[in-house]
Amino acid sequence: MGSQTALKLPVIDFTKPDLKPGTVVWNLVKSQVEQALQEYGCFEALFHKIPLEIREAILGAVEELFDLPLQIKTRNVSKLPYNGYIGQYPHLSLYESIGIDDPNNMEKVEAQTSTFWPEGNTRFSKTVQSFSKQLSELDEMIRRMILEIFHLEKYIDEHMNSTNYLLRVMKYKEPKTSETQLGLSAHTDKNLLTILYQNEVHGLGVQSNKEEWIDVKPSKDSFIVFVGECLHAWLNGRLKATYHRVMMSGDKPRYSLGLFSFPKGGCIMKAPEELVDEAHPSLYKPFDYAEFLKFCYSEEGRIPKSAIKAYCGV
Ligand SMILES: O=C(O)CCC(=O)C(=O)O
Ligand SMILES: [Fe+2]
(Lines give C-alpha, C1' and ligand atoms only; values in the text may rest on other atoms or scores of the structure.)
(Ligands and ions follow the chains in the order given, each with its own letter.)
Protein backbone atom coordinates (compact mmCIF):
# COMPACT_ATOMS: atom_id res chain seq x y z
CA MET A 1 0.00 0.00 0.00
CA GLY A 2 2.85 2.42 -0.73
CA SER A 3 5.77 3.44 1.42
CA GLN A 4 6.38 6.01 4.16
CA THR A 5 7.81 9.38 3.01
CA ALA A 6 9.24 12.56 4.49
CA LEU A 7 6.42 14.60 2.88
CA LYS A 8 4.62 17.08 5.13
CA LEU A 9 1.03 18.27 5.08
CA PRO A 10 0.51 21.96 4.30
CA VAL A 11 0.16 24.09 7.44
CA ILE A 12 -2.39 26.93 7.29
CA ASP A 13 -2.52 29.71 9.85
CA PHE A 14 -6.02 30.51 11.16
CA THR A 15 -4.69 32.49 14.12
CA LYS A 16 -4.50 35.78 12.25
CA PRO A 17 -6.56 38.52 13.90
CA ASP A 18 -9.50 39.79 11.83
CA LEU A 19 -9.87 36.63 9.80
CA LYS A 20 -13.29 37.70 8.53
CA PRO A 21 -15.02 37.01 5.17
CA GLY A 22 -14.18 39.62 2.57
CA THR A 23 -10.86 40.74 4.06
CA VAL A 24 -7.47 40.42 2.37
CA VAL A 25 -6.25 37.87 4.98
CA TRP A 26 -9.41 35.81 4.53
CA ASN A 27 -8.83 35.60 0.78
CA LEU A 28 -5.20 34.70 1.30
CA VAL A 29 -6.03 31.89 3.74
CA LYS A 30 -8.83 30.75 1.42
CA SER A 31 -6.40 30.36 -1.48
CA GLN A 32 -4.12 28.27 0.77
CA VAL A 33 -7.11 26.11 1.73
CA GLU A 34 -7.95 25.64 -1.95
CA GLN A 35 -4.43 24.59 -2.85
CA ALA A 36 -4.08 22.21 0.12
CA LEU A 37 -7.45 20.56 -0.49
CA GLN A 38 -6.83 20.20 -4.23
CA GLU A 39 -3.53 18.51 -3.59
CA TYR A 40 -4.03 16.57 -0.34
CA GLY A 41 -7.75 16.66 0.59
CA CYS A 42 -6.52 17.68 4.06
CA PHE A 43 -4.19 20.08 5.90
CA GLU A 44 -2.89 21.11 9.30
CA ALA A 45 -4.66 24.17 10.72
CA LEU A 46 -3.00 26.40 13.32
CA PHE A 47 -5.79 27.64 15.56
CA HIS A 48 -5.22 28.81 19.12
CA LYS A 49 -8.56 30.50 19.60
CA ILE A 50 -9.42 27.60 21.89
CA PRO A 51 -7.42 28.43 25.03
CA LEU A 52 -4.64 25.99 25.89
CA GLU A 53 -6.37 25.20 29.24
CA ILE A 54 -9.43 23.94 27.34
CA ARG A 55 -7.29 21.91 24.96
CA GLU A 56 -5.44 20.34 27.89
CA ALA A 57 -8.68 19.85 29.82
CA ILE A 58 -10.36 18.04 26.92
CA LEU A 59 -7.50 15.57 26.62
CA GLY A 60 -7.77 14.97 30.38
CA ALA A 61 -11.55 14.52 30.07
CA VAL A 62 -11.10 11.97 27.28
CA GLU A 63 -8.65 9.99 29.41
CA GLU A 64 -11.07 10.08 32.36
CA LEU A 65 -13.86 8.77 30.11
CA PHE A 66 -11.83 5.84 28.79
CA ASP A 67 -10.75 4.94 32.33
CA LEU A 68 -14.39 4.07 33.14
CA PRO A 69 -15.33 0.35 33.26
CA LEU A 70 -16.32 -1.20 29.93
CA GLN A 71 -19.95 -1.83 30.99
CA ILE A 72 -20.34 1.93 31.53
CA LYS A 73 -18.66 2.93 28.26
CA THR A 74 -20.91 0.58 26.27
CA ARG A 75 -23.95 2.55 27.49
CA ASN A 76 -22.95 4.99 24.74
CA VAL A 77 -25.41 4.37 21.88
CA SER A 78 -26.54 6.55 18.99
CA LYS A 79 -29.28 6.83 16.37
CA LEU A 80 -26.66 6.79 13.62
CA PRO A 81 -24.69 3.61 12.92
CA TYR A 82 -21.20 3.56 14.41
CA ASN A 83 -21.66 6.84 16.27
CA GLY A 84 -21.83 5.06 19.65
CA TYR A 85 -19.20 3.03 21.56
CA ILE A 86 -16.81 1.07 19.33
CA GLY A 87 -14.11 -1.21 20.67
CA GLN A 88 -13.05 -4.70 21.66
CA TYR A 89 -12.53 -5.70 18.01
CA PRO A 90 -10.03 -8.56 17.68
CA HIS A 91 -8.56 -7.08 14.47
CA LEU A 92 -8.26 -3.57 16.01
CA SER A 93 -7.36 -4.48 19.54
CA LEU A 94 -5.78 -1.11 20.43
CA TYR A 95 -8.79 1.00 19.42
CA GLU A 96 -11.81 2.26 21.35
CA SER A 97 -14.06 5.20 20.61
CA ILE A 98 -17.09 7.00 22.02
CA GLY A 99 -19.41 9.44 20.25
CA ILE A 100 -21.04 12.54 21.70
CA ASP A 101 -23.99 13.69 19.59
CA ASP A 102 -24.69 17.39 19.22
CA PRO A 103 -21.71 18.40 21.40
CA ASN A 104 -22.39 22.15 21.12
CA ASN A 105 -25.70 21.75 22.92
CA MET A 106 -25.13 21.85 26.71
CA GLU A 107 -28.37 20.04 27.61
CA LYS A 108 -27.62 17.19 25.23
CA VAL A 109 -24.04 16.93 26.47
CA GLU A 110 -25.24 16.82 30.08
CA ALA A 111 -27.75 14.08 29.23
CA GLN A 112 -25.02 11.99 27.58
CA THR A 113 -22.60 12.71 30.44
CA SER A 114 -25.14 11.30 32.89
CA THR A 115 -25.07 7.94 31.07
CA PHE A 116 -21.40 7.71 32.14
CA TRP A 117 -21.67 9.51 35.49
CA PRO A 118 -25.30 9.22 36.75
CA GLU A 119 -24.53 11.88 39.38
CA GLY A 120 -23.33 14.21 36.58
CA ASN A 121 -19.83 15.51 35.84
CA THR A 122 -20.01 19.24 35.26
CA ARG A 123 -16.31 19.64 34.52
CA PHE A 124 -16.56 16.99 31.79
CA SER A 125 -19.71 18.36 30.16
CA LYS A 126 -18.53 21.98 30.28
CA THR A 127 -15.16 21.09 28.75
CA VAL A 128 -16.75 19.04 25.95
CA GLN A 129 -19.28 21.73 25.08
CA SER A 130 -16.82 24.59 25.19
CA PHE A 131 -14.17 22.76 23.13
CA SER A 132 -16.72 21.68 20.49
CA LYS A 133 -18.39 25.07 20.25
CA GLN A 134 -15.09 26.84 19.64
CA LEU A 135 -13.83 24.19 17.24
CA SER A 136 -17.09 24.32 15.26
CA GLU A 137 -16.21 27.96 14.49
CA LEU A 138 -13.13 26.70 12.66
CA ASP A 139 -15.27 24.09 10.86
CA GLU A 140 -17.75 26.78 9.74
CA MET A 141 -14.96 29.07 8.64
CA ILE A 142 -13.40 26.37 6.47
CA ARG A 143 -16.72 25.26 4.96
CA ARG A 144 -17.57 28.90 4.20
CA MET A 145 -14.23 29.23 2.41
CA ILE A 146 -14.89 26.05 0.44
CA LEU A 147 -18.29 27.31 -0.72
CA GLU A 148 -16.72 30.62 -1.74
CA ILE A 149 -13.97 28.79 -3.67
CA PHE A 150 -16.67 27.15 -5.81
CA HIS A 151 -18.77 30.36 -6.08
CA LEU A 152 -21.59 28.84 -4.03
CA GLU A 153 -22.12 31.88 -1.78
CA LYS A 154 -25.87 31.75 -2.25
CA TYR A 155 -25.98 28.32 -0.55
CA ILE A 156 -23.92 29.29 2.52
CA ASP A 157 -26.80 29.98 4.93
CA GLU A 158 -28.81 26.94 3.89
CA HIS A 159 -25.69 24.76 4.09
CA MET A 160 -24.68 25.99 7.56
CA ASN A 161 -28.24 25.69 8.91
CA SER A 162 -28.53 22.10 7.80
CA THR A 163 -25.44 20.80 9.58
CA ASN A 164 -25.04 18.81 12.80
CA TYR A 165 -21.95 17.76 14.70
CA LEU A 166 -20.64 14.62 16.33
CA LEU A 167 -17.64 14.69 18.66
CA ARG A 168 -15.92 11.30 18.53
CA VAL A 169 -13.21 10.64 21.08
CA MET A 170 -10.63 7.91 20.59
CA LYS A 171 -8.14 5.94 22.62
CA TYR A 172 -5.40 3.81 21.08
CA LYS A 173 -3.64 1.64 23.63
CA GLU A 174 0.14 1.45 23.49
CA PRO A 175 1.18 -1.73 21.64
CA LYS A 176 2.59 -4.38 23.93
CA THR A 177 5.18 -5.36 21.29
CA SER A 178 8.19 -3.53 19.90
CA GLU A 179 6.68 -3.54 16.39
CA THR A 180 4.37 -0.89 15.04
CA GLN A 181 0.73 -2.01 15.15
CA LEU A 182 -2.41 -0.96 13.34
CA GLY A 183 -4.49 1.46 15.43
CA LEU A 184 -7.19 2.29 12.90
CA SER A 185 -7.49 0.88 9.36
CA ALA A 186 -7.09 3.11 6.32
CA HIS A 187 -10.39 4.79 5.51
CA THR A 188 -11.98 7.95 4.19
CA ASP A 189 -14.38 9.86 6.41
CA LYS A 190 -18.00 9.69 5.27
CA ASN A 191 -19.23 13.11 6.54
CA LEU A 192 -18.70 16.71 5.38
CA LEU A 193 -15.60 17.96 7.20
CA THR A 194 -13.58 16.41 10.05
CA ILE A 195 -11.28 18.27 12.43
CA LEU A 196 -8.92 16.17 14.57
CA TYR A 197 -7.02 17.04 17.75
CA GLN A 198 -4.68 14.71 19.65
CA ASN A 199 -2.29 14.29 22.55
CA GLU A 200 1.49 14.20 22.05
CA VAL A 201 1.49 10.59 20.80
CA HIS A 202 1.68 10.61 17.01
CA GLY A 203 0.49 7.86 14.69
CA LEU A 204 -1.85 9.44 12.14
CA GLY A 205 -0.86 8.82 8.52
CA VAL A 206 -2.35 10.37 5.41
CA GLN A 207 -2.12 8.91 1.92
CA SER A 208 -0.70 11.18 -0.78
CA ASN A 209 -1.77 11.25 -4.44
CA LYS A 210 1.09 8.85 -5.13
CA GLU A 211 -0.18 6.44 -2.48
CA GLU A 212 2.71 7.22 -0.13
CA TRP A 213 1.95 7.50 3.61
CA ILE A 214 2.69 10.88 5.14
CA ASP A 215 3.33 10.89 8.91
CA VAL A 216 1.28 13.63 10.54
CA LYS A 217 2.84 15.26 13.60
CA PRO A 218 0.64 18.14 14.68
CA SER A 219 1.73 20.59 17.36
CA LYS A 220 -0.34 21.45 20.46
CA ASP A 221 -1.77 24.41 18.54
CA SER A 222 -2.81 22.52 15.46
CA PHE A 223 -5.72 20.53 14.17
CA ILE A 224 -5.93 18.23 11.16
CA VAL A 225 -8.73 18.90 8.69
CA PHE A 226 -10.18 16.31 6.27
CA VAL A 227 -12.82 16.48 3.55
CA GLY A 228 -15.30 13.59 3.85
CA GLU A 229 -17.10 11.64 1.12
CA CYS A 230 -20.36 13.49 1.68
CA LEU A 231 -18.76 16.88 0.93
CA HIS A 232 -16.85 15.33 -1.99
CA ALA A 233 -20.16 14.14 -3.48
CA TRP A 234 -22.07 17.37 -2.81
CA LEU A 235 -19.28 19.26 -4.63
CA ASN A 236 -19.70 16.85 -7.57
CA GLY A 237 -16.21 15.48 -7.00
CA ARG A 238 -14.35 18.83 -6.96
CA LEU A 239 -12.55 17.91 -3.70
CA LYS A 240 -11.47 14.46 -2.66
CA ALA A 241 -11.79 12.52 0.57
CA THR A 242 -8.30 11.37 1.52
CA TYR A 243 -7.36 7.99 2.96
CA HIS A 244 -5.87 8.05 6.45
CA ARG A 245 -5.05 5.54 9.19
CA VAL A 246 -3.44 5.29 12.63
CA MET A 247 -0.31 3.23 13.33
CA MET A 248 0.79 2.83 16.95
CA SER A 249 4.22 2.38 18.45
CA GLY A 250 5.90 3.29 21.72
CA ASP A 251 4.74 2.88 25.28
CA LYS A 252 2.12 5.60 25.69
CA PRO A 253 -1.59 5.58 24.77
CA ARG A 254 -2.77 7.95 22.09
CA TYR A 255 -5.89 10.04 22.74
CA SER A 256 -7.56 11.91 19.92
CA LEU A 257 -10.82 13.70 19.15
CA GLY A 258 -12.65 14.38 15.93
CA LEU A 259 -15.33 16.98 15.37
CA PHE A 260 -17.39 15.62 12.45
CA SER A 261 -19.85 17.87 10.64
CA PHE A 262 -22.62 16.12 8.70
CA PRO A 263 -26.00 16.96 7.13
CA LYS A 264 -29.03 17.02 9.44
CA GLY A 265 -31.49 14.14 9.13
CA GLY A 266 -33.80 14.41 6.14
CA CYS A 267 -31.55 16.75 4.11
CA ILE A 268 -31.08 15.33 0.64
CA MET A 269 -27.59 15.95 -0.71
CA LYS A 270 -27.68 17.01 -4.34
CA ALA A 271 -24.82 18.81 -6.07
CA PRO A 272 -25.64 22.48 -6.83
CA GLU A 273 -26.41 23.06 -10.53
CA GLU A 274 -23.42 25.46 -10.70
CA LEU A 275 -21.11 22.45 -10.34
CA VAL A 276 -22.69 20.28 -13.03
CA ASP A 277 -22.06 20.96 -16.73
CA GLU A 278 -20.72 19.25 -19.83
CA ALA A 279 -17.16 19.32 -18.56
CA HIS A 280 -18.32 18.11 -15.13
CA PRO A 281 -21.18 15.63 -15.60
CA SER A 282 -23.14 14.63 -12.52
CA LEU A 283 -21.19 11.98 -10.58
CA TYR A 284 -23.69 11.05 -7.88
CA LYS A 285 -27.45 10.66 -7.54
CA PRO A 286 -29.06 12.69 -4.73
CA PHE A 287 -28.68 10.87 -1.40
CA ASP A 288 -29.64 10.94 2.25
CA TYR A 289 -26.61 10.95 4.59
CA ALA A 290 -28.10 8.63 7.24
CA GLU A 291 -29.00 6.06 4.56
CA PHE A 292 -25.53 6.37 3.05
CA LEU A 293 -23.98 5.79 6.49
CA LYS A 294 -26.09 2.65 6.97
CA PHE A 295 -24.81 1.39 3.63
CA CYS A 296 -21.17 2.15 4.61
CA TYR A 297 -21.41 -0.12 7.63
CA SER A 298 -23.32 -2.93 5.90
CA GLU A 299 -21.50 -6.03 4.56
CA GLU A 300 -21.86 -4.65 1.02
CA GLY A 301 -20.67 -1.16 1.89
CA ARG A 302 -17.41 -2.19 3.56
CA ILE A 303 -15.90 -3.67 0.39
CA PRO A 304 -15.62 -0.87 -2.24
CA LYS A 305 -12.72 1.63 -2.22
CA SER A 306 -15.26 4.42 -2.68
CA ALA A 307 -18.41 3.79 -0.65
CA ILE A 308 -20.17 6.86 -2.09
CA LYS A 309 -19.54 5.71 -5.66
CA ALA A 310 -20.89 2.24 -4.87
CA TYR A 311 -23.90 3.75 -3.06
CA CYS A 312 -25.07 6.44 -5.47
CA GLY A 313 -22.50 6.79 -8.28
CA VAL A 314 -24.06 7.62 -11.67
O1 LIG B 1 -7.33 9.23 15.76
C2 LIG B 1 -7.10 9.83 14.73
O3 LIG B 1 -6.22 10.69 14.66
C4 LIG B 1 -7.89 9.50 13.48
C5 LIG B 1 -9.31 9.14 13.72
C6 LIG B 1 -10.10 9.00 12.45
O7 LIG B 1 -9.57 9.04 11.39
C8 LIG B 1 -11.57 8.84 12.50
O9 LIG B 1 -12.13 8.67 13.59
O10 LIG B 1 -12.21 8.89 11.43
FE1 LIG C 1 -11.06 9.33 9.82
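Leaving aside neighbours within four places in sequence, which residues is Val227 in contact with? In this predicted model, the partners are Leu37, Gly41, Cys42, Leu193, His232, Leu239, Lys240 and Ala241.

Val227 sits in strand β11, residues 222-227. Val227 counts as buried because 27 C-beta neighbours lie inside 10 Å; the cut-off for buried is 20 or more. Ala307 is 80 residues away from Val227 in sequence, and the C-alpha to C-alpha distance is 14 Å.

Val225 also has contacts beyond four places in sequence. The table sets out the partners of both valines.

| Residue | Contacts beyond four places in sequence |
|---|---|
| Val225 | Cys42, Phe43, Ala45, Ile142, Leu193, Ile195 |
| Val227 | Leu37, Gly41, Cys42, Leu193, His232, Leu239, Lys240, Ala241 |

Val225 also belongs to the largest nonpolar core, which has 75 residues. Val225 is among the residues with the most contacts inside that core, along with Cys42, Val62, Leu167, Phe223, Ile224 and Cys230. Helix α5 supplies the largest share of this core, seven residues.

Next, the packing of α5. Helix α5 (residues 122-149) packs against helix α2 (residues 52-66) at an angle of about 125 degrees, and the axes are 9 Å apart. That angle makes α2 oblique to α5. The crossing is left-handed. From α2, the contact uses Ile54, Ala57, Ile58, Ala61 and Glu64. From α5 come Phe124, Thr127, Val128, Ser130 and Phe131. By type, the residues of this contact are seven nonpolar, two polar and one charged.

Conventions. Residues are numbered from 1 along each chain as its sequence is written. Chains are lettered from A and ligands numbered from 1 in the order in which they are written. This is a predicted model: local features need pLDDT of at least 70, side-chain atom pairs count only at pLDDT 80 or more; totals for chains, interfaces and linings use all residues. Axes are lines fitted to C-alpha atoms, for helices over the stretch in contact, and angles run from 0 to 180 degrees between N-to-C directions. Helices (H or I, at least four residues) and strands (E, at least two) are DSSP runs, numbered from the N terminus. Angles under 35 degrees count as roughly parallel, over 145 as roughly antiparallel, 65 to 115 as roughly perpendicular and the rest as oblique. A crossing is left-handed if the near helix is turned anticlockwise from the far one by less than a right angle, and right-handed if clockwise. Two residues are in contact if their C-beta atoms, placed from the backbone, lie within 7 Å. Ala, Val, Leu, Ile, Met, Phe, Trp, Tyr, Cys and Pro count as nonpolar, Asp, Glu, Lys and Arg as charged, and the others, Gly among them, as polar. A nonpolar core is a set of buried Ala, Val, Leu, Ile, Met, Phe, Trp, Tyr and Cys residues joined through C-beta atoms within 7 Å. A residue is buried if 20 or more other C-beta atoms lie within 10 Å of its own, exposed if 12 or fewer, and partly exposed in between; C-beta atoms are placed from the backbone.
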